[in-house]
Amino acid sequence: MVNGYHPKDLIEALKIRAEVSCIPLAGGTDLMVQNARGTGLSPNFDKPLLFVGHLPELRHIEKKEGFLHIGPSVLLSEMLSHPFIPETFKKAISQMASPPTRNLATLGGNICNASPAGDTLPFLYAMDAELILENHAFDRRIPIEEFICGPKQTELKSDELLTDILIPTTLFPVSYYKKVGQRRGMSLTKVSFHGLAEIVDGYVEDLRMAFGSVAPTVVRSRDCENSLIGEPVSTLKSRFNEIWELYEPSIQPIDDARSTATYRKNVCYNILKDFLTHLENIKEIYNE
Amino acid sequence: MKMSISKSINRTDAKGKIWGETPYLGDIAFDNPLYVKTVRSNQSHARISAIHIPTLPEGYWVIDKSHIPGKNYMKTVVSDHPILAEDEVLYIGQPILLVAGPDREKVYGLSKEIRIDYEPLPAVYTLEESEKQGMVFTDYTLSKGNPVEAFSQAEKILQDEYSTGLQEHVYLEPQGMAAEFKEDTVFVYGSMQCPFYVEEALTEALNMPADKIRVIQTTTGGAFGGKEEFPSLIACHVAIATCVTGHPVILIYDRDEDILSTTKRHPSLVRYKVGLDKNNTLTVLDIDILYNAGAYAGISPVVLQRGIFSSTNVYNFQHIRVRGRNFRTHTVPSGAFRGFGAPQSIFAMEMLMHNIAISLGLEPIDFKMKHCLKQGDTSCTGGKIHDKIILPELLERALTLSEYRKKIQTHKPFTGIGLSLFLHGCGFTGNGEQTIRGKIILQKKGKDVLIKVSSVEMGQGADTILRKIVAHTLELPIHHVQCEVRDTGLIPDSGPTVASRTVMIVGGLLQKAAEEMKSRWDTEENLEISKVYHHPDFLVWDNDTFTGNAYPTYSWGVNVAEVAIDPISYAIQVKKITAVYDVGRAIDERTLRGQMEGGIVQGMGWATIEVMHADEGTLVQRTLTDYKIPTSTDIPDIVCDFIENPYEFGPFGAKCAGELPFTGPAPAIAAAVSNALGIPIKELPITPEKLLEMKNDED
């Protein structure tokens, strides 16, 4: 048997969180699979569950003071049909899992599951997204890069819940998303990449590049990005190998059931080259 | 005027399955059932030195080899797989014990508490290593003409090597069985292709006569050969468990357990030495075929036979030597899988022909067609091809529909087009049909007719097709014709549901019975007609020398594949498959198309994304998270066409169709990838990992 709590609102949820050691569950699309035991048996959770998917305070999508706020219990499918969600983010979400899974899975779940292959993460890293964590008394604000500290490891304390996801509303005229999986649908990522850029008069004004599934957490080399800001786009092609040398050490993929480290590294090289050498030609401009 | 038999009707099983009303094994309620969990080996090769069983609560059992009333092996072609392990285990996942009890949770818990001590023994994991150590199960050779002399006269001699990997069936419904004792009879229910295989296995395991055993097929959610011989093993498990406990018992695998422990497609290695004359005609071939049978021989000898008899594919070569060997490795046993050993050897032959043509600067089609079989030629076993061969017409149609000749001239970088020719031998290999002598019964009661056969519906449409053959012949509405439940107590043995034989052989018998019934329809209210299969007299076969007609006839196909390769990830997208077939005649066009499209997708999966390998005997891809089959988003455009070429001895001219479509896509896709990237493909699956490595090696 698995025990569960079904709080009526966030206050009650945080009160339970303060009193009981429990596992927050929104859509359950990762947790149910990770704890499945086989035919006719309920999943094996070592702690009671705290259901948070229905909490009204965690289901908002709104714009306030330069940020897009997304409630952690917002479904992936709801994000796909919402006008505030950037098109390039939708592109990543639309390639996640399958429609039935997207109708259950939440953005907060994808963040808190902290998988190196989480497909919403490269965009959130690239955008410098921040998270609000709350307990019954306080809240704190933390960049996503600091929140996720390793595969399945986060800074979430046992009395806290993730209550808000803040994405700056900065506009990037150039966006690039690539997911490499074993097949076209319902596939875990071998390598993913989200690239964002702003080019002004042939010079790199802003540049964000984040890789998924090639290291314990999403990889974003700020050194590399900063070294390219202010540079003329036209020189990136000839300087590519130099740029790659700067980026390469942070890419530390592994061999696993889905692919090999060598392949992943080679694909990262191809993606980065494709992105940087086509910056001028990429015309995927998303609308607010 | 009667409508054409080919005109599609609704599948008789479709509504219940679509609405979720059709019960499967897991939906059947038993009275106070016990649940069974299998305790398995976690060693590739080891001696069991001790088994530690916790104290069992009342009403719980642990069953081992000593509980088996009869022989401790699963009856099949080679009966070498113990029902429950004796002192030695030969693969990870091998069943050792069964735990049975009323509460699934407790049964599961007990199965985890059991500890088994092993003394590890040396294990062999790969085909190459097994060959080196001489761990051969079966070694066959056949020859035609005079290969030795032909090699001495050859202008040019080439050598080459091809390989294919593991494949999992991924039937929608995992394996499962239930059993109960009623009075003095054991009833076994489950998902299966071959009720009488199961019955035979049970008579030996239980040491009971067949009339005290009833095997009843439950709705079978896909099989693809995976439910040919394997269900006999778990049928023995549940039957023994019900005998020991006195309760009804249920054993249903979950997906991960099914992947871990059930049979897979044989990995293969095919080596060629071939000779060409000065006109670039292949005159002599030496083919060395190696199949990885896994830990036990089981059904592998027959799989290998089909592999070697299909090894020259659609081609006529004068001088041939074919050697085929099954090897043991300490991995999960290989078994029956759609195509049954033919797709591996045909892939190798098609790629050999393709690669030789490319290396000679020839268009592969022209090179292939120069060597094609014609009516009156002999197969590699020296059997005369009696029937008309319309391969040139199939090819022409496929080339036209796909615009192959234009596209091969104009394809862009990273896109490619490729073609395959293939056949499938209809019915059992060798004199199999003669040995089985399938029997059917057709019963008339008033205005209603009952079909009694052991050939099962497993999602392929057999019930609809068999009923349609009878209804069409009798000119009755189809609802007046029903199929008896596949219950060995109620049906004759029309043979197993395998080898693409159901329509051609069993359907053919039903058509004959229906014709006879029609002539007596008006005069007899109740009537029972039975028919037994006889091979046409002109077919000859010598099983000792492997000479004669290995198959009664063949179905043929041509595939054209178009692919696009992602220049960044080297992921292969199959954009389009054009397929043209000669299956004699379609009994029902839509059902036939269903078979063809399903076979194409499954063949495409085998060729591309279905990666499965074992690391020291442990499967790396153990769940459907890591083992990928194509989804609807991966399915290419499929253009599917048929040219009629009725077979005299098939119902309404029908030949075989179920396995044929699996074979074509792999060599066509491989040729297309080769065309797109300019590199030869010799290995399946074709993964982006391998392609990227090959391209990087090139640079």
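Being predicted, the model needs pLDDT of at least 70 for local features and 80 or more for side-chain atom pairs, while totals for chains, interfaces and linings use all residues. Residues are numbered from 1 along each chain as its sequence is written, chains are lettered from A in the order in which they are written, and side-chain values use heavy atoms, without hydrogens and water.

**Exercise 1.** Find how many residues of domain 1 of chain B are in contact with domain 2 of chain B, and what area is buried between them.

*Solution.* Start with the bounds, which come from an automatic or database domain assignment: domain 1 is 25-122 + 169-261 and domain 2 is 268-429 + 546-698. Next, count contacts (heavy atoms within 4.5 Å): 26 residues of domain 1 of chain B meet 31 of domain 2 of chain B. Finally, take the buried area (accessible area, 1.4 Å probe, that two parts lose on being put together, summed over both): about 2200 Å², 67% of it on carbon and sulfur atoms. On the domain 1 side, Leu90(B), Val170(B) and Ile259(B) lose the most area, together 25% of what that side buries.

**Exercise 2.** Work out how many salt bridges join chain B and chain A, and examine the one made by Glu689(B) and Lys190(A).

*Solution.* First, the contact takes 27 residues from chain B and 26 from chain A. Then apply the salt-bridge rule (a side-chain nitrogen of Lys or Arg within 4 Å of a carboxyl oxygen of Asp or Glu): the count is four. In the Lys190(A) and Glu689(B) pair, N to O is 3.0 Å.
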